[in-house]
Amino acid sequence: MIVFDLLCSKGHRFEGWFNSAADYTSQQERGLVSCPKCASAKVARVPSATRANLGAQPPKPTPAGTAPMVKTPQMEGKDAFAIAQMLYSRMLDEVLTKTEDVGRDFPAEARRIHREEAPARAIRGHATQEEHDALVDEGIPVARFPLPPTDKLN
């Protein structure tokens, strides 16, 4: 038995259980694989987060005060604070270029996306602590992340 993570054309993620990879391919070619939520037959395999620990030894702890980090050539010779600034800058670029800024509408838009009333996408915006806590209580995955105002970035 093999379990695949599947994603339909409407963005619904679900699991499929098959006798083998060939069985999955055969069923998909015959149109037997469909989304349980919307019945879409346009389904694709997506990467799974799986881990099988079959008796392997646990990783050795790193010495105190060190972190298991791979350094790039740009980091060589720089202190930890300079490296942290570099990594923060890279991460900030990723967040700003790969998310949509919905501003103060963030709580409402996050709810619409969660309820599938709006297209699924990565968003960012503003929420008070109370709004953030309410979203978390509703089971909506959100994270607080300090970003500088975009008008100050140019």
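Student: In this predicted model, which strand do the buried residues of helix 2 pack against?

Tutor: Helix 2 covers residues 80–98. Its buried residues are Ile-83, Met-86, Leu-92 and Leu-96. The element that the buried residues of helix 2 pack against is strand 5 (123–125).

Student: What is the strand order in the open sheet of 3 strands?

Tutor: Pairing in this sheet is antiparallel. Strand 2 (13–18) and strand 3 (43–46) each pair on one side only, so they are the edge strands. The order is 2-1-3.

Student: Which residue of strand 3 is the bridge partner of Leu-6?

Tutor: Strand 1 (residues 2–8) and strand 3 run antiparallel and are joined by 4 bridges. In strand 3, the partner of Leu-6 is Arg-45.

Student: Which strands does helix 1 touch as it packs on the sheet?

Tutor: Helix 1 spans residues 21–29, and its direction makes about 160° with that of strand 3. The strands touched by helix 1 are strand 1, strand 2 and strand 3.

Student: Are helix 3 and helix 4 roughly parallel or roughly antiparallel to each other?

Tutor: Helix 3 (residues 106–114) and helix 4 (residues 129–137) pack with axes 10 Å apart, at an angle of about 10°. Angles under 35 degrees count as roughly parallel. Helix 3 and helix 4 are therefore roughly parallel.

Student: How many nonpolar and charged residues are in the contact of helix 3 with helix 4?

Tutor: Phe-106, Pro-107, Ala-110 and Arg-111 of helix 3 meet Glu-131, Ala-134 and Leu-135 of helix 4. No polar residues take part, and the division is 5 nonpolar and 2 charged.

Note on methods. Residues are numbered from 1 along each chain as its sequence is written. This is a predicted model: local features need pLDDT of at least 70, side-chain atom pairs count only at pLDDT 80 or more; totals for chains, interfaces and linings use all residues. Side-chain values use heavy atoms; hydrogens and water are left out. Helices (H or I, at least four residues) and strands (E, at least two) are DSSP runs, numbered from the N terminus. The expected span of a helix is 1.5 Å times one less than its number of residues. Buried means under 20% relative accessible area, exposed over 50%, partly exposed in between (1.4 Å probe, protein chains only). Contact means heavy atoms within 4.5 Å. Two strands pair if DSSP finds at least two bridges between them. Axes are lines fitted to C-alpha atoms, for helices over the stretch in contact, and angles run from 0 to 180 degrees between N-to-C directions. Angles under 35 degrees count as roughly parallel, over 145 as roughly antiparallel, 65 to 115 as roughly perpendicular and the rest as oblique. Ala, Val, Leu, Ile, Met, Phe, Trp, Tyr, Cys and Pro count as nonpolar, Asp, Glu, Lys and Arg as charged, and the others, Gly among them, as polar.
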